[in-house]
Amino acid sequence: MNSSFACRTSVIRFGVFELDCRAGELRKSGVLLHLPPQPVKILSLLASQPGQVVTREDIRKQIWGDETFVDFERGLNQCVSQIRTALGDDADTPRYIETLPRRGYRLIGPVEAVTGPQAGRRNGVRTFVFSAPVVVAALGALLALNVGGFRDRLLHQGAALPKIESIAVLPLENLSRDPDQEYFADGITEELITDLGKISALRVISRTSVMHYKGTRKTLPEIARELNVDAVVEGTVQRSGNRVRITASLLYAPTDRHLWANSYESEMQDILVMRGEVAQAIANEIRIKVTPQERTRLARAHQVNPDAYECYLKGRYEWNKRTKQGLNKGLEYFQQAIRADPGYALAYSGVADTYSVLGDDAFQPGVEVYPKAKAAALKALDLDESLAEAHTSMGILLFQYDREHEAALKEYEAAIELDPNYANAHHWYAMSLACMGRSQEAIREVELARKLDPLSPRINANVVLVLYLGYQYDRAIAEASRALELEPDNPSVYHYLSLAYLQKRMPGEALESLEGTPDLAPQLLARAYTLNGNRKEALKILGKLTQKWQSTREDFSPYFTATAYVSLGDRDQAFAWLEKGLAEYNGQMSLLKVDPALDPLRSDPRFQELLRRMNFPQERVARTPDSEVWLSDSPPHWK
């Protein structure tokens, strides 16, 4: 080996790998990998010049020197292949070793020089990634976000920056070597999405959709096509005690082109500030327009109680499962966060959302959980009016509990102004619009929600429901079919699909769609049996439901029981159950104004009285379906 070559630092860290240049050792997550000496020397040479092209001739001179080597090209190719095998890398879609045809190679991605035993801590000062030709470029990206021209000349070496208007933050990799810390990595991913989502000019894909790619083997161009985005952010999270280190890379997804990388480290209480810095650096890098108000929101981050923050992340991790068990477990974590920090607004918003979903999904009676949700939402807003999550929490409660429908819409609009990429705000806004009979607006809004979260089972299911409520049964059936391609076992889709079939008087198809989910909505089974001529079986189901109602109010919907009696032609029983739903604040009662299943009751004065008590405008004529409308000629997610 040429004695003139020497690695500039003892240890180089990139991703989960550490290269000890002096010892000639490569480790993955601390585990020593077998890599022959010659490939280690080549990797060390590339690591000494991260982000720069090392030509094949430079490699020959610095690694082999004046040694006679008959088949240098073949030997070099074999060495690079061995390096890629050790790194789990791919020549076509590289994450670490990029080939420049007929020129040479370069090491890409976040690269950190470790110069001391504390591995990047440097007395609490953030470490920077050497992904540019010179260190100044990386420092400029963090410390002088407005020096774009100078940065571009150094970082991009004259290359035109591709236009980026949409982005996905892929699940950050957990480097803590502790499976129990997965919630933390997932939580940081979600929070970074939230930070970027405050930029109105940038479309940011929501958590539910990006989590589908956790541990995926798909290439970045494949992911970009599926999510319809221009760029992706990928990186790692490592937690050690009270310190957190985040590395992040920005890549232009269609060509897998590496644009930027950096590494940040802080104490837990400063993690909100660090997240804001990452988001601002990414926004600056892609030259997206950020309004002064949005810059202020990104910069408003403050210190957070580490214990409260950790409990909040655990709570959202469980809440996102949307199961009864997950919601109850999430509620415990949110309450722990509040005990750790009574001034933590996000934790109160988490409590509000949990109680709301427990009521909306009829896991618990609304009369029991909505007051608790309302108190938590009010507290969250009192503590921080700038939280889009808190305004969204208040919106659903004003609609479901207070029945102040116009006030609810204003809360959703406030949330969307604060965070234009908050899919849940668009989603719940769409559902409220649909329940008010404003189906064209609801369809547009639910499409926006789906663009932001294209793989969300909940949103894709509610696209079907919004269409059903607008009398667009054929479109609802088509959407259900596409939603089931994404999530074959989604019970809500089967539920709403059966509603469309019942309105089209297709009981056989409705029964088939309910086969796999009989416990989800036995009332729909009763309706399907009635329409199929089997009134005896329908009455048997409803008799069992009446017995259940007398013993428990949990996991029960008086509203859907009423729709079953409508199909039997028993108006008195239907109104009796609707009265129960009204008194219990049953979540599904919000469908009263628009549900086609209740059309036979609309001429009855009792129905008009129910509308009045629900604070819906009274109707004197039968509803008619709105014209079909989409944001484009066809829904964008299956183009």
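Let me begin with the hairpin of S6 and S7, where three residues lie between the strands and Arg102 takes a positive phi near 65 degrees; strands here are DSSP runs of E with at least two residues, and helices are runs of H or I with at least four, numbered from the N terminus. This is a predicted model, in which local features need pLDDT of at least 70 and side-chain atom pairs count only at pLDDT 80 or more, while totals for chains, interfaces and linings use all residues. Residues are numbered from 1 along each chain as its sequence is written, and side-chain values use heavy atoms, with hydrogens and water left out.

Strand S6, residues 97-100, pairs with strand S7, residues 104-107, in the antiparallel sense over four bridges, where pairing requires that DSSP finds at least two bridges, and Glu98 stands opposite Arg106 in S7.

Now to the aromatic rings. Rings of Phe, Tyr and Trp, the last by its six-membered ring, pair if their centres lie within 6.5 Å, and planes under 30 degrees apart count as stacked, over 60 as edge-to-face and the rest as tilted. By this rule the count comes to 16 aromatic pairs. One of them joins Tyr312 and Tyr344 edge-to-face, at 5.8 Å centre to centre and 65 degrees between the planes, and this pair links Tyr312 in helix H11 with Tyr344 in the loop between helix H12 and helix H13, 32 residues apart. Tyr312 is buried at 2% relative accessible area, as is Tyr344 at 7%, buried meaning under 20% with a 1.4 Å probe and protein chains only.

Finally, Phe14, Phe17 and Tyr96 form one aromatic cluster.

Notes: Buried means under 20% relative accessible area, exposed over 50%, partly exposed in between (1.4 Å probe, protein chains only).
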